[in-house]
Amino acid sequence: MIKFSIIMPVFLGDYPDPAPDKPKKFLRAVGSVLTQTYKNFELVIISDGCEETNKLVHAKYQKELQKGIIKLVKLERHPLFTGAVRQKGIDEATGDVFCNLDADDSFLPNHLWNISVAYDPTKYDWCYFNLYRKLDNLKGVEELIDAKPTTDSLCTANVIWKRGLDVTWNGCDGRQDNKAFNQQLIDKYPKCVKIYGCTYIIHHALIKRAV
């Protein structure tokens, strides 16, 4: 039975051009993990020098922290969007496979279950899947993002890779750090597969057309 490590860097403090309602969206993201129908996972929250994050996690999730369902990794402040923050969480993780969840996005309840059925890490080193994106004020309106195994199509949200691969987020800095990481997967590990049934929701991305 696959154990998932869900990696979530979080900074709830002030920074230029932040997403609105960061604590509310963070709680939504965590809640979407805790309500998964597939239960063999850990959520690794990396607090990037942010006391607001630490206080909120301890206030809301003491039981999950004690049981190891949530692991809180506290770091000194790093430059914004530094890939090394994500890598620190991976280094602390204990799962068989790694996936990401941004603190303002969410999973639908069967997301991990569907991955566990569709992805066989004994056959493939990594996998990727389609995404859905929607605006919070347009409930029920979603746009499908059709993923392909290219850096222009993949992002932090729609790749899953198994433990032991020679890849790292260290040095993958900036808002486009996912491209540098995903290029490592593409270049080094051709055994990949597209899977279906995943339900990762990007909430903050603009929908160009609502139908």
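1. Among contacts (heavy atoms within 4.5 Å) in the protein between residues at least 6 apart in sequence, 77% join residues at least 24 apart.

2. The model is predicted: local features need pLDDT of at least 70, side-chain atom pairs count only at pLDDT 80 or more, and totals for chains, interfaces and linings use all residues. Residues are numbered from 1 along each chain as its sequence is written, and side-chain values use heavy atoms, with hydrogens and water left out.

3. The protein contains six helices and eleven strands. These are DSSP runs numbered from the N terminus, helices being H or I of at least four residues and strands E of at least two.

4. Of the 211 residues, 50% count as buried, a term for under 20% relative accessible area (1.4 Å probe, protein chains only).

5. Helix α4 (residues 83–92) deserves attention. Seven of its ten residues are buried, so α4 is largely enclosed by the rest of the structure. The buried residues are Gly 83, Ala 84, Val 85, Arg 86, Gln 87, Gly 89 and Ile 90. Their cover includes strands β1 (4–10), β2 (41–48), β3 (70–75), β4 and β9, together with helix α6 (177–188).

6. Strand β9 (residues 159–162) pairs with β4 (residues 97–100) in the antiparallel sense over three bridges; strands pair if DSSP finds at least two bridges between them. Val 97 has Lys 162 in β9 as its bridge partner.

7. Strand β9 is also joined to β6 (residues 126–128) by three bridges, and these two strands run antiparallel. Here Cys 127 stands opposite Ile 160 of β9.
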